[in-house]
Amino acid sequence: MRPRLLGAAGDPARTGADLAEDLADDLAEDLRLHHLWTAMARGDERLYALARAATLAPLTDPAAIEHRQRVLSDCLRNPGTVRALHRLAAEAVDAEQKIFRGGRPEALLNRSVRTLELACESLRDLRDLAAERAPAFRSAGFAELFGSLRAEVDEDYLRTAEALLGDLRFDHGIIAAARLGPGNKSTDLRLYAPPGKGRAPRRFRRTGLTHTVPSEHEENWRALPAFRDLVLADVARATAESADHVRGFLRALRDELGFYVGCLNLAETLTGLGLPVCLPEPRPAGDRTLAARELYDPGLALRQGRATACDVAAAGTGLIVITGANRGGKSTFLRGAGTAQLMMQCGMFVPAREFAASVADGVFTHFKRAEDRSMTSGKLDEELARMSAVVDRIRPGSLVLCNESFSSTSEREGAEIAAEILRALGDLGTRTIFVTHLYDLARRLHDDPPAGTLFLRTEHDDTGAPTYRLVPGAPSPTARAMAIYARVFGAPPPP
């Protein structure tokens, strides 16, 4: 029995494309995902780890994403029930972890029996809660989970299991038979059902053969536990396998529900700030779509308690080039788009009023970095090394987010390097969003644009103040100067 609330993969850490740890760290740093995971965890280290694992292992199948979205919709409608189910599963796992662990077969048997006894209690509570609240859930994921609990752990099954576990305690002795093998060692061991209280199995009532271990014979007393272990070895292994199976189910249920509890935490926080969230529309990779209304950067919103939203409509677009003045919303949009892509592909809602995007076979970032204080390399060398690591990992359909890349060198050299890389990425079939102040680069691309290129620029009002929105438009060499002039003199420059 498996929960399957996350789909066939189950484990939040093993659900999508793998990402090298150094690139995962870059992605988390550039998009400031720590703020997202912290809001999901609310101080719970396990929830933080689950949020991080799921976000950095995005799904690439729209059907798998939609499976999670339907489960998440159930969670958003029934947050109290989901939190209660998660709490029951977590308490069951925590209680099992407190049981003494021993290496001998008899100790293993006792531990496994106790684990299964606790599991029976937990499964009964989970089944009863699921039966009570099942009518409020609509998704296939919860329907399968609740159906399994109802069918596989009904009351007759649990009572039979509890009776068997009581027998496996062997409170009234152990009955076993064996033959003497070479060297008078026991062979063909057979364990019989334990006797009931005050009685023995019928087949052993006719014999008076007994052996009493004298108290002064230490070797015999040491041999007795070894013989018990020998007799109980097979049943201990079988019971341990059953305990492992139940333990695995409860841990999986705790972790899969934990991911959705993190989603509930984040949704409550963002909507509490008055910000919109929506379930996105995942599109096939070949569509090259990015369309959003009121998209914002959730990391910035969580830090500042507010956010600026932006709209974008890019269909059949392989390259988006964004230019404009500083502090106009370019990097904020880039982080919002990247974070929304990751959230969509792990089955979450996204920070927007509406959002649709093609699934990406991996999300990669290349953001401007501070100077290398160790002086082991120059900034351009460092930028090229990071881009090389990205290029080694990307595949057709990947999404690459670049923020001020190659601005550490002269404009002419930076434009030459960036143009070569962008054209190579386009030939590979990636989607790229490129934020830049390199006007020479932007002009070249605008004059001879690769197929499927969209140019966006920051928007300013009549006074030159930024609106923090992006609008379609050709790159301008005076955009920054005009903004500075308007800010200093309080009006745009004369024509």
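Guide: The lining of the second largest pocket draws at least two residues from each of α1 (21-31), α10 (298-304) and α11, where helices (H or I, at least four residues) and strands (E, at least two) are DSSP runs numbered from the N terminus. A pocket is an open set of points on a 1 Å grid over the protein atoms alone, where a 1.4 Å probe fits and protein lies on both sides within 12 Å along at least five of seven lines, and lining residues have an atom within 4 Å of a point. This is a predicted model, in which local features need pLDDT of at least 70 and side-chain atom pairs count only at pLDDT 80 or more, while totals for chains, interfaces and linings use all residues. Residues are numbered from 1 along each chain as its sequence is written, and side-chain values use heavy atoms, with hydrogens and water left out.

Helix α11 gives the most to this lining, with 4 residues. The lining has 24 residues in total, and those nearest the centre of the pocket are Arg 327, Gly 329, Ser 331, Thr 332 and Arg 335. The space in the second largest pocket comes to about 690 Å³, a volume being the space filled by probe spheres set on grid points that are joined across faces, edges and corners.

Strand β4 (residues 290-295) pairs with β5 in the antiparallel sense over 4 bridges, and Leu 295 has Cys 310 of β5 as its bridge partner.

In the largest nonpolar core, which has 102 residues, Phe 142, Phe 333, Phe 355 and Ile 433 touch the most other members. Such a core is a set of buried Ala, Val, Leu, Ile, Met, Phe, Trp, Tyr and Cys residues joined through side-chain atoms within 4.5 Å, and buried means under 20% relative accessible area, exposed over 50% and partly exposed in between (1.4 Å probe, protein chains only). Helix α9 (residues 218-272) supplies the largest share of this core, 16 residues. Another core lies apart from it, with 23 residues, among them Leu 319, Phe 406, Ala 415 and Phe 455.

Elsewhere, strand β8 (residues 363-367) has 5 of its 5 residues buried: Val 363, Thr 365 and Phe 367 point one way, whereas Phe 364 and His 366 point the other way. β8 pairs with β9 (residues 399-403) in the parallel sense over 5 bridges, and there Phe 367 has Asn 403 as its bridge partner.

Note on methods:
Pairing = 2+ DSSP bridges.
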